[in-house]
Amino acid sequence: FHPDSFKARDVNLALMEVKIDDIDPSKLDTNLYYFERFGSNELADDAGLAILADSMEQDVNRVIRKAIKTRGSFPSEQAAEKLIERHRTAGDTLLIVTATNAFVTAPIAERLGVPHLIATEPERIDGRYTGNVAGIPSFQDGKVRRLDTWLAQHGKDLAGSSFYSDSHNDIALLEVVERPVAVDPDPQLDAYARDRGWPVISLRA
(Lines give C-alpha, C1' and ligand atoms only; values in the text may rest on other atoms or scores of the structure.)
Protein backbone atom coordinates (compact mmCIF):
# COMPACT_ATOMS: atom_id res chain seq x y z
CA PHE A 1 0.00 0.00 0.00
CA HIS A 2 1.10 3.58 -0.43
CA PRO A 3 -1.02 5.79 1.83
CA ASP A 4 1.01 8.02 4.10
CA SER A 5 0.89 5.64 7.04
CA PHE A 6 1.83 2.46 5.18
CA LYS A 7 4.71 0.97 3.28
CA ALA A 8 4.07 -1.60 0.59
CA ARG A 9 5.87 -4.36 2.47
CA ASP A 10 3.97 -3.75 5.74
CA VAL A 11 0.66 -5.22 4.79
CA ASN A 12 -0.77 -7.48 2.10
CA LEU A 13 -4.23 -7.38 0.62
CA ALA A 14 -5.84 -10.79 0.96
CA LEU A 15 -8.80 -11.24 -1.36
CA MET A 16 -11.08 -14.13 -0.49
CA GLU A 17 -13.77 -15.48 -2.83
CA VAL A 18 -16.87 -16.88 -1.14
CA LYS A 19 -19.14 -19.15 -3.16
CA ILE A 20 -22.85 -19.16 -2.34
CA ASP A 21 -22.86 -22.59 -4.02
CA ASP A 22 -21.27 -23.93 -0.83
CA ILE A 23 -24.74 -23.70 0.72
CA ASP A 24 -27.26 -26.19 -0.63
CA PRO A 25 -30.34 -24.15 -1.70
CA SER A 26 -32.67 -27.08 -1.05
CA LYS A 27 -31.64 -27.10 2.61
CA LEU A 28 -32.30 -23.41 3.06
CA ASP A 29 -35.13 -22.01 1.03
CA THR A 30 -36.08 -22.31 -2.64
CA ASN A 31 -36.64 -18.55 -2.82
CA LEU A 32 -33.06 -17.93 -1.69
CA TYR A 33 -31.77 -20.03 -4.56
CA TYR A 34 -33.66 -17.92 -7.08
CA PHE A 35 -32.86 -14.68 -5.32
CA GLU A 36 -29.13 -15.33 -5.64
CA ARG A 37 -29.60 -15.69 -9.38
CA PHE A 38 -31.77 -12.59 -9.44
CA GLY A 39 -28.92 -10.68 -7.84
CA SER A 40 -26.61 -11.90 -10.58
CA ASN A 41 -28.99 -10.45 -13.20
CA GLU A 42 -29.85 -13.92 -14.55
CA LEU A 43 -33.55 -13.34 -13.94
CA ALA A 44 -33.76 -9.64 -14.69
CA ASP A 45 -36.55 -10.02 -17.26
CA ASP A 46 -38.89 -11.83 -14.87
CA ALA A 47 -41.07 -9.13 -13.30
CA GLY A 48 -42.67 -11.60 -10.91
CA LEU A 49 -39.30 -12.52 -9.45
CA ALA A 50 -38.40 -8.85 -9.15
CA ILE A 51 -41.52 -8.35 -7.02
CA LEU A 52 -40.65 -11.45 -5.01
CA ALA A 53 -37.15 -10.18 -4.39
CA ASP A 54 -38.53 -6.83 -3.26
CA SER A 55 -40.17 -8.53 -0.27
CA MET A 56 -37.31 -10.88 0.58
CA GLU A 57 -34.30 -8.94 1.82
CA GLN A 58 -34.99 -9.47 5.52
CA ASP A 59 -35.96 -13.11 4.93
CA VAL A 60 -32.76 -13.75 3.00
CA ASN A 61 -30.62 -12.34 5.79
CA ARG A 62 -32.58 -14.30 8.39
CA VAL A 63 -32.24 -17.60 6.49
CA ILE A 64 -28.54 -17.13 5.79
CA ARG A 65 -27.73 -16.13 9.37
CA LYS A 66 -29.72 -19.06 10.78
CA ALA A 67 -28.02 -21.50 8.42
CA ILE A 68 -24.57 -20.19 9.31
CA LYS A 69 -25.36 -20.41 13.03
CA THR A 70 -26.86 -23.91 13.04
CA ARG A 71 -24.92 -25.87 10.44
CA GLY A 72 -21.65 -27.54 11.33
CA SER A 73 -18.39 -26.62 9.67
CA PHE A 74 -17.09 -28.87 6.91
CA PRO A 75 -13.35 -29.64 6.71
CA SER A 76 -13.00 -27.31 3.71
CA GLU A 77 -14.55 -24.45 5.68
CA GLN A 78 -12.23 -25.08 8.61
CA ALA A 79 -9.24 -25.00 6.27
CA ALA A 80 -10.50 -21.75 4.72
CA GLU A 81 -10.96 -20.21 8.15
CA LYS A 82 -7.38 -21.14 9.08
CA LEU A 83 -6.14 -19.53 5.87
CA ILE A 84 -8.08 -16.36 6.60
CA GLU A 85 -6.77 -16.32 10.16
CA ARG A 86 -3.21 -16.61 8.91
CA HIS A 87 -3.70 -13.48 6.81
CA ARG A 88 -5.42 -11.72 9.70
CA THR A 89 -2.54 -12.54 12.06
CA ALA A 90 -0.09 -11.18 9.48
CA GLY A 91 -1.94 -7.86 9.57
CA ASP A 92 -3.35 -8.21 6.06
CA THR A 93 -6.46 -6.42 4.90
CA LEU A 94 -9.25 -8.96 4.34
CA LEU A 95 -11.62 -8.38 1.46
CA ILE A 96 -14.17 -10.65 -0.21
CA VAL A 97 -14.80 -10.04 -3.90
CA THR A 98 -17.78 -11.99 -5.18
CA ALA A 99 -20.28 -12.00 -8.03
CA THR A 100 -23.09 -12.93 -5.65
CA ASN A 101 -25.30 -10.11 -4.39
CA ALA A 102 -24.38 -8.23 -1.25
CA PHE A 103 -27.12 -9.12 1.17
CA VAL A 104 -26.67 -12.83 0.54
CA THR A 105 -22.90 -12.65 1.08
CA ALA A 106 -22.71 -9.99 3.83
CA PRO A 107 -23.73 -12.46 6.59
CA ILE A 108 -21.09 -14.89 5.31
CA ALA A 109 -18.41 -12.20 5.42
CA GLU A 110 -19.52 -11.33 8.95
CA ARG A 111 -19.33 -14.98 9.99
CA LEU A 112 -15.79 -15.23 8.64
CA GLY A 113 -14.74 -11.98 10.29
CA VAL A 114 -13.91 -10.37 6.95
CA PRO A 115 -14.65 -6.64 7.27
CA HIS A 116 -14.65 -5.64 3.61
CA LEU A 117 -16.93 -6.89 0.83
CA ILE A 118 -17.27 -6.16 -2.88
CA ALA A 119 -20.40 -7.82 -4.26
CA THR A 120 -22.98 -7.36 -6.99
CA GLU A 121 -25.59 -4.79 -5.97
CA PRO A 122 -29.18 -5.26 -7.18
CA GLU A 123 -30.69 -2.07 -8.58
CA ARG A 124 -33.38 -0.45 -6.47
CA ILE A 125 -35.60 2.39 -7.71
CA ASP A 126 -38.16 4.09 -5.46
CA GLY A 127 -37.47 1.46 -2.83
CA ARG A 128 -38.17 -1.50 -5.10
CA TYR A 129 -35.84 -3.96 -6.79
CA THR A 130 -35.97 -3.83 -10.59
CA GLY A 131 -34.24 -7.11 -11.44
CA ASN A 132 -31.24 -5.23 -12.88
CA VAL A 133 -27.79 -4.68 -11.43
CA ALA A 134 -26.77 -1.31 -9.99
CA GLY A 135 -23.44 -0.11 -11.32
CA ILE A 136 -20.77 -2.51 -12.47
CA PRO A 137 -21.51 -6.20 -11.82
CA SER A 138 -18.78 -7.82 -9.74
CA PHE A 139 -18.09 -10.47 -12.37
CA GLN A 140 -15.01 -11.27 -14.50
CA ASP A 141 -13.31 -7.98 -15.46
CA GLY A 142 -16.01 -6.15 -13.52
CA LYS A 143 -14.33 -7.43 -10.36
CA VAL A 144 -11.11 -5.68 -11.37
CA ARG A 145 -12.93 -2.42 -12.05
CA ARG A 146 -14.80 -2.59 -8.76
CA LEU A 147 -11.59 -3.43 -6.91
CA ASP A 148 -9.77 -0.50 -8.54
CA THR A 149 -12.48 1.81 -7.26
CA TRP A 150 -12.32 0.30 -3.77
CA LEU A 151 -8.53 0.66 -3.64
CA ALA A 152 -8.73 4.31 -4.69
CA GLN A 153 -11.39 5.01 -2.07
CA HIS A 154 -9.33 3.39 0.69
CA GLY A 155 -5.94 4.77 -0.32
CA LYS A 156 -4.45 1.36 -1.00
CA ASP A 157 -2.89 -0.57 -3.88
CA LEU A 158 -2.17 -4.20 -4.72
CA ALA A 159 1.40 -4.34 -3.44
CA GLY A 160 1.81 -7.66 -1.66
CA SER A 161 -1.71 -8.77 -2.54
CA SER A 162 -3.05 -12.32 -2.75
CA PHE A 163 -6.24 -13.58 -4.36
CA TYR A 164 -7.77 -17.03 -3.98
CA SER A 165 -10.32 -18.42 -6.43
CA ASP A 166 -11.68 -21.67 -7.82
CA SER A 167 -13.16 -20.24 -11.02
CA HIS A 168 -11.81 -19.37 -14.46
CA ASN A 169 -14.21 -16.42 -14.32
CA ASP A 170 -11.72 -14.79 -11.94
CA ILE A 171 -8.70 -14.96 -14.23
CA ALA A 172 -8.84 -11.20 -14.88
CA LEU A 173 -8.47 -10.48 -11.16
CA LEU A 174 -5.94 -13.24 -10.59
CA GLU A 175 -3.78 -11.63 -13.27
CA VAL A 176 -3.51 -8.28 -11.47
CA VAL A 177 -2.55 -9.39 -7.95
CA GLU A 178 0.98 -10.24 -6.83
CA ARG A 179 0.14 -13.75 -5.61
CA PRO A 180 -2.68 -15.48 -7.51
CA VAL A 181 -3.73 -18.81 -5.99
CA ALA A 182 -6.03 -21.38 -7.56
CA VAL A 183 -8.04 -23.20 -4.88
CA ASP A 184 -9.68 -26.49 -5.91
CA PRO A 185 -9.97 -24.93 -9.36
CA ASP A 186 -12.29 -25.79 -12.21
CA PRO A 187 -10.56 -27.47 -15.19
CA GLN A 188 -10.05 -24.22 -17.12
CA LEU A 189 -8.48 -22.40 -14.19
CA ASP A 190 -6.42 -25.44 -13.22
CA ALA A 191 -4.81 -25.58 -16.65
CA TYR A 192 -4.33 -21.80 -16.79
CA ALA A 193 -2.73 -21.64 -13.34
CA ARG A 194 -0.36 -24.54 -13.92
CA ASP A 195 0.70 -23.08 -17.27
CA ARG A 196 1.69 -19.88 -15.48
CA GLY A 197 3.26 -21.50 -12.47
CA TRP A 198 0.68 -20.21 -10.01
CA PRO A 199 0.16 -22.11 -6.76
CA VAL A 200 -2.69 -24.64 -6.93
CA ILE A 201 -3.97 -25.71 -3.52
CA SER A 202 -6.87 -27.66 -2.04
CA LEU A 203 -8.93 -26.87 1.04
CA ARG A 204 -10.78 -30.18 0.85
CA ALA A 205 -8.12 -32.46 2.23
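## A guided tour, starting from a salt bridge

Begin by selecting Asp-184 and Arg-204, whose side chains meet in a salt bridge (3.9 Å, N to O); a salt bridge here is a side-chain nitrogen of Lys or Arg within 4 Å of a carboxyl oxygen of Asp or Glu. Asp-184 lies in the loop between strand S6 (179-183) and H9, while Arg-204 lies in the segment after strand S7 (200-201), so the pair ties together parts that are 20 residues apart in sequence. Helices (H or I, at least four residues) and strands (E, at least two) are DSSP runs, numbered from the N terminus. Asp-184 is buried, with a relative accessible area of 17%, whereas Arg-204 is exposed, with a relative accessible area of 62%. Buried means under 20% relative accessible area, exposed means over 50%, and partly exposed is in between, with a 1.4 Å probe and protein chains only.

Before going on, note that this is a predicted model, in which local features need pLDDT of at least 70 and side-chain atom pairs count only at pLDDT 80 or more, while totals for chains, interfaces and linings use all residues. Residues are numbered from 1 along each chain as its sequence is written, and side-chain values use heavy atoms, with hydrogens and water left out.

The structure holds 7 salt bridges. Select Arg-111 and Glu-81 next, where the side chains meet at 2.8 Å, N to O, in one of these bridges; Arg-111 belongs to helix H6 and Glu-81 to helix H5, so this pair ties together parts that are 30 residues apart in sequence. Arg-111 is partly exposed, with a relative accessible area of 39%, and Glu-81 is also partly exposed, at 25%.

Then move to Asp-170 and Lys-143, which form a salt bridge of 2.7 Å, N to O. Asp-170 is in the loop between S5 and H8 and Lys-143 is in helix H7, so the pair ties together parts that are 27 residues apart in sequence; both Asp-170 and Lys-143 are buried.

**Helix H6 and the cores**

Select residues 102-112, which make up helix H6, and you will find that 8 of its 11 residues are buried, among them Phe-103, Val-104 and Ile-108.

Now show Leu-95, Ile-118, Leu-147, Trp-150, Leu-173 and Leu-189, which touch the most other members of the largest nonpolar core, a group of 17 residues. A nonpolar core is a set of buried Ala, Val, Leu, Ile, Met, Phe, Trp, Tyr and Cys residues joined through side-chain atoms within 4.5 Å. At least two residues of this core come from each of S2, H7, helix H8 (171-176) and helix H9 (187-196), and H7 gives the most, with 4 residues. A second, separate core of 7 residues includes Ile-96, Ile-108, Ala-109 and Leu-112.

**Two loops to finish**

Select Asp-92, in the loop between helix H5 (75-89) and strand S2 (93-101). Which side chain joins Asp-92 in a polar contact of 2.7 Å? The partner is the side chain of His-87, a polar contact being a pair of N or O atoms within 3.5 Å, where, within protein, one must be able to donate a hydrogen and the other to accept it, and residues adjacent in sequence count only if both atoms are side-chain atoms.

Last, select Ala-159, in the loop between helix H7 (141-154) and strand S5 (162-165). Its C-alpha atom is separated by 6.8 Å from that of Glu-178, although Ala-159 and Glu-178 are 19 residues apart along the chain.
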